[in-house]
Amino acid sequence: MILALAFFIALLVLWEGAKALGGDPWRFGDPAVGNEIVYTPPFQWQIASDLSLPHVWRIWEALAAPVQRQQEQSLAAFLVGAALYTGREAALGFFVGGFVGLGLAAVFVHSRLAERAFMPYVVASQTIPILALAPLIAFAFGNGVVGIVIVASYLTFFPVTIAQLRGLTSPDPRALELMRSCAASRWTIFWKLRMPASLPYLFAALKIAATASIVGAIVGEGNPGGSQFGLGRSILNFNEQYGSAPEKLWAAVLASSLLGIAFFLIVRTAEVFALRNRPGSVAA
Amino acid sequence: MTNPSDAPIGPRTDVVTIAGVSKVFDAGAGQTRALETIDLAIAPGEFVSLIGPSGCGKSTLLRLIGDLTEPSAGSVTVNGKPARQARLDRDYGIVFQAPVLFDWRSVEANVALPLEIKGVSGTERDRRVQEMLGLVELRDFAGHYPYQLSGGMQQRVSIARALALQPSILLMDEPFGALDEMTRERMNAEVQRIWQQTGTTVVFVTHSIPEAVFLSSRVVVMSPRPGRIVRVIDVDLPRPRTDDTRETERYFALITEVRETLRGRRDDDPLSKGRVASMPRTLAEGSVG
Amino acid sequence: MVVFVAVLGIWEGVVAALHLQQFILPRPSAIAAALVSEWPALQRAAANTLYEAIGGLLIGVTAGVLTAFAVARWRRVREAILPIAIGASAVPIIAAAPIMSNWFGILNPFAKMAIVILLVFFPMLVNVVRGLSEVDESAVELMRASAASEGQILRKLRLPNALPYFFTGLKICTTLSLIGAVVAEYFGGSDEVLGRVIVQSSSRLRFDITWAAITVVALSGITMYILAVAIERIVIPWHASQRSRGT
């Protein structure tokens, strides 16, 4: 936590440091209005200009200002709404993909036949770059949420299937013999041994899937024929206003990052809680 | 609870009857003969150790008794029924070299596992768990998790778990092989106490001659692959055996006897075959299958 | 292979028999036809996209490895950097694609390359740092016992130990780089790239071309992955047995 804060501050220092060394002349308020120059950096780097790298406080101000000239809603409120929208799509895809992966792994672990028959297709499915298919899927399912959920769940199910299958087969053979010696049924072995033993593997995959589902949702929205709302759409819209208001695009990108990190942290918190009595099984 | 006495000779119903059992493993191109025509009978309340060089099939024999693997020939009868039925009736408790505790379960919940599987619930389950934890003297650690315990304590939990269903036979596969010598001797005394308190029949696989002699009513000495019973040695040391027992002459004599049997008498030695035939406890009607 | 042909056959048959919406899921034969007729354009697009992907991959991997060497030397720095690098994987970096376009110019291939660099940098860093630091402690003590210098320990122990980790990272990064480049292209830029071909052909309802482009992406991705595996086999043949178990 302290580490994250320190990193965040370091990032801010680096950011404003670059602006202090090679940015445009510093002014208070809107630079377009032409306020008085308070400070002139020694160099002029294009990458640190106000257009490329707006001042942190400009982004902050933009968050409080209205999204559009005529509207009351602030950019911050707008982005929170967009993030909730995108987050909902990603979460839906995450759960659908997660359950498909859990189900497939549960079937595969009990049936060599099913595993040998279907596993190659699960692996082959990953040779199709689903993100490259996003425009197509978005088109096929109209402007709705469905297409985006499909992309997000497709990105989720693969890592979950693979990791969960490995997790379900991870118990010590002697633990299985122990269950046999108690005449435990397959059902009991599954719920009392295989499932708990698989959790560390499952969570490792869910952390990957959490980010992937967000990326899937943003890319799905960002395409022509994609969604009207959400962060992906906002990024495209604000991209067109970049020339006049770069801080809006920056704010949208930051919102996307925060959403990704929030998803990741939710899964990680669940992981830490679920594995609290198993030190050493939580990977960093 | 019966009070087990060593080696009661005379008419009885055996807990385990192994008759003409062989085990062949298919390993790729060739076959490995792990066990060859084993005959052995174990009486109620006995403590029987299986000892022999690595790869002599002593663990396989243990697993055959527990129906964790099936014999290629011959039959294993436990409590008068096939081993499979005995397993389904939950007549076994089993302890491995590693504790094999479920690290997501507390000590208490680990001991409760077999009871849960059997469907024992509520207060009865709690009572049995407490009883077992008392038996291995771990009541104070009921809420701890495996990672918080030492190796010896973990093994005690696994013994408590194995005894939770009050099995008529306890199978132990080198349970203290991973422990240091001091802990091992303490655990040996512990196992003797538990055995005397519960009256359970124990089949105990070990590499350690002193351990086998200290614990057992009888020591079954096995030959290298293919595993055969070379000799069965009765251990007539008085119970309860204590640290003082480890310093008696009889103890040393028995250790020497086991060691010499292990070293000298291979299956190509006609002497050992004669001994097998004259063993008091092998079945007369040995050649089934 | 037989299965693959059979799947294509069934696909062809089902689409034809059910008169499925041709435009969303064209028959394999239609895709093959588009692949042939559009080949000059697809070839140019693939060359441009691969330039971005491979360029970004090389720069990102190099930067990741160099940073890993710098970081792994000091335990404290390593412990501070690792969680951040892992956390960075939670950031949807692709969302920054428009910013890169604004930085480097929308037609500049480096704008896409920059996204690829960011995408591959962190997984590479994490893997190599782990490989350099997760060394068997007794092996280190063995080296110390024979009075090996830190440099010798690095060369003879840490480096070989890190190689399997490096290749694990490289295999992840090859796929990541191509997808990253294609998706970054969605957010605007030159039209002669695979990402734009996919977007534009699908908005013109020419799904046969879309699928042809997707086929090119998939084949390029598989080829890059196989290349990475081949290099791995040559460089660390001794690790072959462990690899099939580990990953």
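Me: Let's say two residues are in contact if their C-beta atoms, placed from the backbone, lie within 7 Å. How many residues of chain B are then in contact with chain A?

Reply: 18 residues of chain B, and they meet 16 residues of chain A. Before we go on, this is a predicted model, where local features need pLDDT of at least 70, side-chain atom pairs count only at pLDDT 80 or more, and totals for chains, interfaces and linings use all residues. Residues are numbered from 1 along each chain as its sequence is written, while chains are lettered from A and ligands numbered from 1 in the order in which they are written.

Me: Got it. Which elements give two or more residues to that side of chain B?

Reply: Helix H2 (83–88), strand E6 (92–95) and helix H3 (107–118) of chain B. Helices (H or I, at least four residues) and strands (E, at least two) are DSSP runs, numbered from the N terminus. H3(B) gives the most, with 3 residues.

Me: And how do the residues on that side divide by class?

Reply: Into 14 nonpolar, 1 polar and 3 charged. Nonpolar takes in Ala, Val, Leu, Ile, Met, Phe, Trp, Tyr, Cys and Pro; charged is Asp, Glu, Lys and Arg; the others, Gly among them, are polar.

Me: What about chain A and chain C, how many residues are in contact there?

Reply: There, 33 residues of chain A are in contact with 34 residues of chain C. On the chain A side, the elements giving two or more residues are helix H1 (2–22), helix H5 (130–140), H8, helix H9 (230–240) and helix H10 (246–274). That side has 24 nonpolar, 9 polar and no charged residues.

Me: H8 of chain A has A:Trp187 in it. Buried or exposed?

Reply: A:Trp187 is exposed, because 8 other C-beta atoms lie within 10 Å. The cut-offs are 20 or more other C-beta atoms within 10 Å of a residue's own for buried, 12 or fewer for exposed, and partly exposed in between, with C-beta atoms placed from the backbone. Helix H8 of chain A covers residues 186–221.

Me: Switching to chain C, what is it built from?

Reply: Chain C has 11 helices and 0 strands. Its C-alpha atoms fill a box of roughly 75 × 45 × 30 Å along the principal axes, and 43% of its 247 residues count as buried.

Me: And chain B, how many helices and strands?

Reply: 9 helices and 10 strands, with 46% of its 289 residues buried.

Me: What is the mean pLDDT of chain B?

Reply: It is 83, and 86% of the residues reach 70 or more; pLDDT is the predictor's confidence in each residue, from 0 to 100. Over residues 1–11 of chain B the pLDDT is below 50, and that stretch has 15 contacts beyond near neighbours in sequence. Residues 266–289 of chain B also stay under 50, with 33 contacts beyond four places in sequence.

Me: Now helix H8 of chain B. What does it reach from end to end?

Reply: H8(B) covers residues 249–264, 16 residues in total, and reaches 22 Å from first C-alpha to last, close to the 22 Å expected at 1.5 Å a residue. The expected span is 1.5 Å times one less than the number of residues.

Me: Which of its residues are buried?

Reply: B:Leu254, B:Val258, B:Thr261 and B:Leu262. Seen down the axis, the buried residues of H8(B) fall within an arc of 100°, so they line one face of the helix; the arc is that of the directions from the helix axis to the C-beta atoms. On the other side, the exposed residues include B:Glu249, B:Glu260 and B:Arg263.

Me: What do the buried ones pack against?

Reply: Strand E3 (47–51), helix H7 (209–215), strand E9 (218–222) and strand E10 (229–234) of chain B.

Me: B:Val213 lies in that H7. What does it touch?

Reply: Leaving out residues up to four places away in sequence, B:Val213 touches B:Val219, B:Val235, B:Tyr251, B:Leu254, B:Ile255 and B:Val258. B:Val213 is buried, because 27 other C-beta atoms lie within 10 Å.

Me: Last one: how do strands E4 and E5 of chain B pair?

Reply: E4(B) (73–78) and E5(B) (81–82) pair in the antiparallel sense over 2 bridges; pairing needs at least two bridges found by DSSP. B:Val78 stands opposite B:Lys81. The two strands form a hairpin with 2 residues between them, and B:Asn79 in the turn has a positive phi of about 50°.
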